[in-house]
Amino acid sequence: MEAMEEVRSWFEKLGLPQYADIFLSNGYDDISSMGMLDESDLDICNVETLEHRERILARAFDSSLDALDSINLEVNELSNGDGEFKVNDRLARELDKKENRERTSL
């Protein structure tokens with residue numbers, strides 16, 4: 001399934017398909033970004049109805065738990081013996097996208 005269609009499906013499963021286009025047009029174009037939604041994201045996308053906000057954030061929380069199960073953390077040993085956790089590239093890209101959206105909405 002194409003990434004944008006996964007986002008549309010995500011909103012359809014919530015019973016809120018009317019929000020898919022606004023989220024997609026604001027850069028939420030990958031299903032992994034849905035697990036990182038917070039109140040500011042809902043403000044950016046003009047989700048004003050309290051019930052809709054609660055449903056979206058509850059599903060976002062569930063999605064973030066699902067993502068945690070699939071994130072691959074690797075321990076890299078540094079030459080001095082200290083361990084460093086390295087988050088996979090996909091998560092890092094999604095965090096960058098979220099920060100960029102927040103900066104552009106200010």
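R8 is partly exposed, with a relative accessible area of 25%. Here partly exposed covers the range between buried, under 20% relative accessible area, and exposed, over 50% (1.4 Å probe, protein chains only). The model is predicted: local features need pLDDT of at least 70, side-chain atom pairs count only at pLDDT 80 or more, and totals for chains, interfaces and linings use all residues. Residues are numbered from 1 along each chain as its sequence is written, and side-chain values use heavy atoms, with hydrogens and water left out.

**Salt bridges**

R8 pairs with D21 in a salt bridge, 2.6 Å from N to O. D21 lies in helix α2 and R8 in helix α1, so the bridge ties together parts that are 13 residues apart in sequence. The term salt bridge requires a side-chain nitrogen of Lys or Arg within 4 Å of a carboxyl oxygen of Asp or Glu. Helices (H or I, at least four residues) and strands (E, at least two) are DSSP runs, numbered from the N terminus. D21 is partly exposed too, at 47% relative accessibility.

The whole structure holds 5 salt bridges. Three of them are set out here.

| D21 | R8 | 2.6 Å |

E39 sits in helix α4 and R53 in helix α5, so their bridge ties together parts that are 14 residues apart in sequence. D43, also in helix α4, is 10 residues from R53, and this pair again links distant parts of the chain. Salt bridges with shared partners also join E5, R8 and D21 into one network. Is R53 buried or exposed? R53 is buried, with a relative accessible area of 12%. E39, by contrast, is partly exposed at 43%.

**Helix α1**

Helix α1 has 12 residues. Its span from first C-alpha to last is 17 Å, close to the 16 Å expected at 1.5 Å a residue. That expected span is 1.5 Å times one less than the number of residues. Buried residues in α1 are V7, S9, W10, F11 and L14. Just after the helix, G15 takes a positive phi of about 80°.

V7 belongs to α1, which runs over residues 3-14. Its relative accessibility is 0%. Leaving aside neighbours within four places in sequence, V7 is in contact (heavy atoms within 4.5 Å) with L24, Y28, D29, D30, I31 and M34. Of these, D29 is 22 residues from V7 in sequence, yet the two C-alpha atoms are 6.7 Å apart.

**Aromatic pairs and the core**

A search of the whole structure finds 3 aromatic pairs. W10 and F11 form one that is edge-to-face, at 5.1 Å centre to centre and 80° between the planes. Rings of Phe, Tyr and Trp (its six-membered ring) pair if their centres lie within 6.5 Å; planes under 30 degrees apart count as stacked, over 60 as edge-to-face and the rest as tilted. Both partners are buried: W10 has a relative accessible area of 5%, and F11 has 0%. W10, F11, F23 and Y28 form one aromatic cluster.

The largest nonpolar core has 18 residues. A nonpolar core is a set of buried Ala, Val, Leu, Ile, Met, Phe, Trp, Tyr and Cys residues joined through side-chain atoms within 4.5 Å. Which members touch the most others? They are F11, F23, M34, L37 and I56. Helices α1, α2 (20-25), α4 and α5 each supply at least two core residues. The most come from α1, which gives 4.

M34 shows how these parts meet. Beyond its neighbours within four places in sequence, M34 is in contact with V7, W10, F11, F23, Y28 and A60.

**A loop residue**

N46 is found in the loop between α4 (39-44) and α5 (50-70). Its phi is near 60°, a positive value in a residue other than glycine. Most residues other than glycine have a negative phi.

**The chain as a whole**

The chain has 6 helices and 2 strands. Along the sequence they follow the pattern α-α-α-α-α-β-β-α. Of the 106 residues, 28% are buried. Among contacts between residues at least 6 apart in sequence, 48% join residues at least 24 apart. The chain exposes about 6900 Å², and carbon and sulfur atoms supply 50% of this area. Accessible areas come from the Shrake-Rupley method with a 1.4 Å probe; for residues, only the protein chains shown count as cover.
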